[in-house]
Amino acid sequence: MTQPSSPSPEEFAAQERYSEERYPEDGLLRSVRQAIAEAGMPEVSVAPGYGRLLTMLVRLSGTRQALEIGALGGYSGICLARGLPAGGRLTSLELKPEYAAMARTHLEAAGFGAAVDYRIGPALESLKQLEAEGRRFGFFFIDADKENYPDYLEAAIRLAEPGAVIAGDNLFLRGRTLNPAKNGPAVQAMRRFNETIAGDPRLESTILPAYDGLALAIVRG
Ligand SMILES: C[S@@+](CC[C@H](N)C(=O)[O-])C[C@H]1O[C@@H](n2cnc3c(N)ncnc32)[C@H](O)[C@@H]1O
């Protein structure tokens, strides 16, 4: 049987637009994206389709404890918090105090102010601290500096409850991951992260190739 041919980049983009038209961003998330742009912050919040998916996955996981690495202005934080049950908590790690402050404002506006804790500083240090405190999480969203993705994955596995879900964004680095001429530290780290996600026996996983690529893994119990 012949395989259907892969969509061209234009067809891929049209498919993403098609799904976004059917699931438009709500006013709150639109206003978060707009505030980030107006503040001159990097416009790198998670893609709308993956934001919706994060909410669904957190809800499906049933966890009461989610961890986000990379808060920016709070877009993904709102998506994650929306999937938590009443009394659930989001711990969010962010390097820049001014970004964490904006994220906090947006989480408060979304009604999740009491459900989120921000830890400011390099995420690797915050992760060590969480480990020392004996914390465990049922859902992780890795979305910070790409050079540290392999270390973030290892830390997430150490902090995982059995069956925890790990999601990681931007696996393709806008085409650089697959470009053999690109070999910078972020690209090399992302290739290592992708290999580990795909091959590590501690994980059951897949990669979604839409947008900039999303890894999904379950930590085996
Ligand atoms: C892609 S943005 C996060 C987007 C956010 N997850 C969302 O979808 O709304 C990456 C964030 O990681 C933060 N970051 C970069 N290096 C970091 C580090 N070493 N530790 C913690 N956060 C870091 C950046 O300041 C930035 O806010």
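Student: Which residues are buried in H5?

Tutor: In this predicted model, the buried residues of H5 are Tyr-99, Ala-100, Met-102, Ala-103, Arg-104, His-106 and Leu-107. What covers the buried residues of H5 includes helix H2 (27–38), helix H4 (75–83), strand S2 (89–94) and strand S3 (116–120).

Student: How many residues does helix H3 have, and what does it reach from its first C-alpha to its last?

Tutor: Helix H3, residues 48–61, has 14 residues and reaches 20 Å, close to the 20 Å expected at 1.5 Å a residue. Its buried residues are Pro-48, Tyr-50, Gly-51, Leu-54, Leu-57 and Val-58, and just after H3 a positive phi of about 75 degrees is taken by Gly-62.

Student: In what order do the strands form the sheet?

Tutor: Strands of a sheet pair through backbone hydrogen bonds, either parallel or antiparallel. Here 7 strands form an open sheet with mixed pairing, in the order S3-S2-S1-S4-S5-S7-S6. S3 and S6 are the edge strands, each of which pairs on one side only, and the twist from one strand to the next averages 15 degrees. Helix H8 (residues 185–199) packs on this sheet, where it touches strand S5 (160–169), S6 and S7, and its direction makes about 125 degrees with that of S6.

Student: In which sense do strands S6 and S7 pair, parallel or antiparallel?

Tutor: Strand S6 (residues 203–208) and strand S7 (residues 214–219) pair in the antiparallel sense over 6 bridges; among the bridge partners, Thr-206 has Leu-216 in S7, while Leu-208 has Leu-214. The hairpin of S6 and S7 has 5 residues between the strands, and in this hairpin Tyr-211 takes a positive phi near 50 degrees.

Student: Which residues are the closest to the ligand?

Tutor: Of the 18 residues that surround the ligand, the closest are Val-46, Gly-70, Tyr-75, Ser-76 and Ala-123. H4 and S2 are the elements that give two or more residues to this shell, which by class has 11 nonpolar, 3 polar and 4 charged residues.

How values were computed
Residues are numbered from 1 along each chain as its sequence is written. This is a predicted model: local features need pLDDT of at least 70, side-chain atom pairs count only at pLDDT 80 or more; totals for chains, interfaces and linings use all residues. A residue is buried if 20 or more other C-beta atoms lie within 10 Å of its own, exposed if 12 or fewer, and partly exposed in between; C-beta atoms are placed from the backbone. Helices (H or I, at least four residues) and strands (E, at least two) are DSSP runs, numbered from the N terminus. Two residues are in contact if their C-beta atoms, placed from the backbone, lie within 7 Å. A residue is near a molecule or strand if its C-beta atom, placed from the backbone, lies within 6 Å of it. Ala, Val, Leu, Ile, Met, Phe, Trp, Tyr, Cys and Pro count as nonpolar, Asp, Glu, Lys and Arg as charged, and the others, Gly among them, as polar. Two strands pair if DSSP finds at least two bridges between them. The expected span of a helix is 1.5 Å times one less than its number of residues. Axes are lines fitted to C-alpha atoms, for helices over the stretch in contact, and angles run from 0 to 180 degrees between N-to-C directions.
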